[in-house]
Amino acid sequence: MLKGIVFFFFKQKTAYEIYQCDWSSDVCSSDLRLEGQTKIYGTDIIVGESTMLGATSAAFFELDLLKVVGRGEAVRIYALLGDVSLAHSMEFTELKAQNAGMLEAYRTRKWGKAARHLKKCAELADAIFGDRLATYLELYRARIAHYRDNPPPKSWDGTAQALTK
């Protein structure tokens, strides 16, 4: 086991939290591979599910089910967006619920339903964060529009493939 300390910097609060945990080298390796995805999703910090589950005093937002370079299976990835007060706010809770609905509809090929949830996500995200999630929202707008016109193969399991580390 590798003992690690993660520093979370919250731009909204200009504060940081120290979170200490024990990670397997596999978790560390996965999270390091995700760092390169921040530009794709337009977020500052992206972590895998194991890290998200260990940091209970932060606001995480699911981004995707992603197959990273060098790995066979997909991992759920999350953006770190704020602290515990954001995590427990009504507005953020509603945003997460709409996002979960969008991701579920997207992964089950219900493009119209996914687009409706995405529109609600955009309204809520704008009210909470301004344009902070604009890249993420545009990514899914483009994916939904593409798959609506060009359905994925029957073997598609709702995952995205990372093209870079």
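**View 1. Helix 5, end to end.** Helix 5 has 18 residues and, at 1.5 Å a residue, should span 26 Å; its end C-alpha atoms are 26 Å apart, so the two agree. The expected span here is 1.5 Å times one less than the number of residues. Helices (H or I, at least four residues) and strands (E, at least two) are DSSP runs, numbered from the N terminus. This is a predicted model, where local features need pLDDT of at least 70, side-chain atom pairs count only at pLDDT 80 or more, and totals for chains, interfaces and linings use all residues. Residues are numbered from 1 along each chain as its sequence is written, and side-chain values use heavy atoms, with hydrogens and water left out.

**View 2. Helix 5 against helix 6.** The axes of helix 5 (residues 90-107) and helix 6 (residues 111-129) come within 8 Å and cross at roughly 155 degrees. That makes helix 5 roughly antiparallel to helix 6 (angles over 145 degrees count as such). Axes are lines fitted to C-alpha atoms, for helices over the stretch in contact, and angles run from 0 to 180 degrees between N-to-C directions. On the helix 5 side, the residues that meet helix 6 include Phe92, Leu95, Met102 and Tyr106; on the helix 6 side, Trp111, Leu118, Leu124 and Phe129 are among them. Contact means heavy atoms within 4.5 Å. Sort the residues of this contact and you get 13 nonpolar, 4 polar and 4 charged (Ala, Val, Leu, Ile, Met, Phe, Trp, Tyr, Cys and Pro count as nonpolar, Asp, Glu, Lys and Arg as charged, and the others, Gly among them, as polar).

**View 3. The buried residues of helix 5.** Buried here means under 20% relative accessible area, exposed over 50%, and partly exposed in between (1.4 Å probe, protein chains only). Among the buried residues of helix 5 are Leu95, Asn99, Leu103 and Arg107. Their cover includes strand 4 (58-67), strand 5 (75-83), helix 4 (84-87), helix 6 and helix 7 (134-149). Over the protein, buried residues make up 45% of the 165 residues.

View 4. Arginine 109 sits in the loop between helix 5 and helix 6. Its phi is near 65 degrees, a positive value in a residue other than glycine. Arginine 109 is partly exposed, with a relative accessible area of 30%.

**View 5. Stepping back to the fold.** The protein has 7 helices and 6 strands. Follow the sequence and the pattern reads β-β-α-α-β-α-β-β-α-α-α-α-β.

Methods:
Parallel < 35°, antiparallel > 145°, perpendicular 65-115°, else oblique.
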